[in-house]
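Here's a walk through the contacts that tie this chain together. Have the viewer open and follow along, pair by pair.

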Amino acid sequence: MAAARWLLVSLLLLFAALPAWPEQGGLEGTVVRVVDGDTIRLRIGDRDEPVRYIGVNTPEVHHPTKGEEPCGREASEVNRRLVTGRHVRFELDVQERDRYGRLLAYVWVGETMVNAELVTLGYAQVMTIPPNVRHQQLFLTLQREAREAGRGCWAEPRRFAPSPVRR
């Protein structure tokens, strides 16, 4: 009986140390910092990882040559309200990292995909960089609706540059 209990406790400790794989797929982590409107830092297990949201782009806050763009602070603040300190689920696509070494991910807080929510609220534009195109059509639909409704950065003309699409 003691051996069975020891084995059960050992297995529980082993599984607790592994990254979580929720039912809907993907990995889990805790947001430890919001860098800007489309980039966060996640605590995944025992490491800190920069994560860039796939399929969207927000106005810059700390760009080395462009400086701060209109609506950049607002987009960062909305992202902060959505994810700061939250436990999130994230899903990778075909290309796992960008040229800066950041994980590229679709990020969920509960049932809300943060990438899509930023577009819906009007604080992110669609930015498609193949091969990571899984939710491109959803993002394009949400962007059209946000723009037509004048939400977020779409409220004032010229706050967003034309939507970047890379092939």
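A disulfide here is a pair of cysteine sulfur atoms within 2.5 Å. By that rule the count comes to one disulfide. Before going on, two bits of housekeeping. This is a predicted model, so local features need pLDDT of at least 70 and side-chain atom pairs count only at pLDDT 80 or more, while totals for chains, interfaces and linings use all residues. Residues are numbered from 1 along each chain as its sequence is written, and side-chain values use heavy atoms, with hydrogens and water left out.

Back to the disulfide: it joins Cys71 and Cys153, with the sulfur atoms 1.9 Å apart. The torsion about the S-S bond of Cys71 and Cys153 is about -85°, so the disulfide is left-handed. Helices (H or I, at least four residues) and strands (E, at least two) are DSSP runs, numbered from the N terminus. In those terms, Cys71 is in the loop between strand 4 (56-57) and helix 2 (72-83), and Cys153 is in the segment after helix 4, so the pair links distant parts of the chain, 82 residues apart. Buried means under 20% relative accessible area, exposed means over 50%, and partly exposed is in between (1.4 Å probe, protein chains only). Cys71 is buried at 3%, and Cys153 is buried at 0%.

Now for the charges. Side chains of opposite charge can pair when their charged atoms come close. The rule for a salt bridge is a side-chain nitrogen of Lys or Arg within 4 Å of a carboxyl oxygen of Asp or Glu, and the count comes to 10 salt bridges. One of them pairs Asp38 with Arg52, the closest N and O atoms being 3.5 Å apart. Asp38 lies in the loop between strand 1 (27-34) and strand 2 (39-44) and Arg52 in strand 3 (residues 47-53), so this pair ties together parts that are 14 residues apart in sequence. Both Asp38 and Arg52 are buried.

Another salt bridge runs from Glu49 to Arg97, with 3.1 Å between the closest N and O atoms. Here strand 3 supplies Glu49 and strand 5 (residues 87-97) supplies Arg97, a link between distant parts of the chain, 48 residues apart. Glu49 counts as buried at 10% relative accessibility, whereas Arg97 is partly exposed at 36%.

Which residue does Arg134 form a salt bridge with? Arg134 pairs with Glu91, the closest N and O atoms being 2.1 Å apart. Arg134 sits in the loop between strand 8 (125-126) and helix 4 (136-149), and Glu91 in strand 5, 43 residues apart. Arg134 is partly exposed, with a relative accessible area of 42%. There's also a network of salt bridges linking Arg41, Arg43 and Asp48.

On to the nonpolar side. A nonpolar core is a set of buried Ala, Val, Leu, Ile, Met, Phe, Trp, Tyr and Cys residues joined through side-chain atoms within 4.5 Å. The largest one has 34 residues, and those with the most contacts inside it are Ile40, Leu42, Tyr53, Val83, Phe90 and Val107. Elements giving two or more residues to this core include strand 1, strand 2, helix 2 and helix 4. Strand 6 contributes the largest share, seven residues.
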